[in-house]
Amino acid sequence: MKNMTLQVEGMSCQHCVNSIEGALAEIGAAGKVHLENNTVDVTYDESRITLERIKEAIEEQGYDVL
């Protein structure tokens, strides 16, 4: 399992948290959003999910991954 912290712009409320964490769960990753510093901690299995797919899942929700 790999752990990574991503910088994400555009998050401001609990809806943002729910949509990002839900999108990550759908693709098989675990995410924990931190609104106070605009980051998302992600845990995923590199043999099943790519970092690019994780970024896409977040961006599909309307947020920018830096």
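Two strands pair if DSSP finds at least two bridges between them. Helices (H or I, at least four residues) and strands (E, at least two) are DSSP runs, numbered from the N terminus.

The model is predicted: local features need pLDDT of at least 70, side-chain atom pairs count only at pLDDT 80 or more, and totals for chains, interfaces and linings use all residues. Residues are numbered from 1 along each chain as its sequence is written, and side-chain values use heavy atoms, with hydrogens and water left out.

**Exercise 1. Describe the hairpin of strand 2 and strand 3, and the place of Asn38 in the hairpin.**

Solution.
- Step 1. Strand 2 and strand 3 run antiparallel and are joined by five bridges.
- Step 2. His34 is the residue opposite Thr39 of strand 3.
- Step 3. Four residues lie between the two strands of the hairpin, and Asn38 has a positive phi near 55 degrees there. Asn38 is a residue other than glycine.
- Step 4. Asn38 belongs to the loop between strand 2 and strand 3. Its relative accessible area is 30%, so Asn38 is partly exposed (buried means under 20% relative accessible area, exposed over 50%, partly exposed in between, with a 1.4 Å probe and protein chains only).

**Exercise 2. Give the order of the strands in the sheet and explain which strands stand at the edges.**

Solution.
- Step 1. The sheet is open and has four strands in the order 2-3-1-4, with antiparallel pairing.
- Step 2. Strand 2 and strand 4 (64-65) each have a single partner strand, so they stand at the edges and one side of each lacks a neighbour in the sheet.
- Step 3. Strand 1 and strand 3 run antiparallel, with six bridges between them. Met4 stands opposite Val42 in strand 3.
- Step 4. Helix 1 packs on the sheet and touches strand 1, strand 2 and strand 3, and its direction makes about 160 degrees with that of strand 2. Helix 2 also packs on the sheet, touching strand 1, strand 3 and strand 4, with its direction at about 35 degrees to that of strand 1. Here axes are lines fitted to C-alpha atoms, for helices over the stretch in contact, and angles run from 0 to 180 degrees between N-to-C directions. Contact means heavy atoms within 4.5 Å.

**Exercise 3. Find which residues of helix 1 are buried, and what covers them.**

Solution.
- Step 1. Helix 1 covers residues 14-26, 13 residues in total, and reaches 18 Å from its first C-alpha to its last, close to the 18 Å expected at 1.5 Å a residue (the expected span is 1.5 Å times one less than the number of residues).
- Step 2. The buried residues in helix 1 are Cys16, Val17, Ser19, Ile20, Ala23 and Leu24.
- Step 3. Their cover includes strand 1 (2-9), strand 2 (30-34), strand 3 (39-44) and helix 2 (51-59).
- Step 4. Take Ser19 as one case: its relative accessibility is 14%, so Ser19 counts as buried. Neighbours within four places in sequence aside, Ser19 is in contact with Gln61 and Tyr63. The side chains of Ser19 and Tyr63 are joined by a polar contact of 3.3 Å (a pair of N or O atoms within 3.5 Å; within protein, one must be able to donate a hydrogen and the other to accept it, and residues adjacent in sequence count only if both atoms are side-chain atoms).
- Step 5. Gly28 follows helix 1 and has a positive phi, near 95 degrees.
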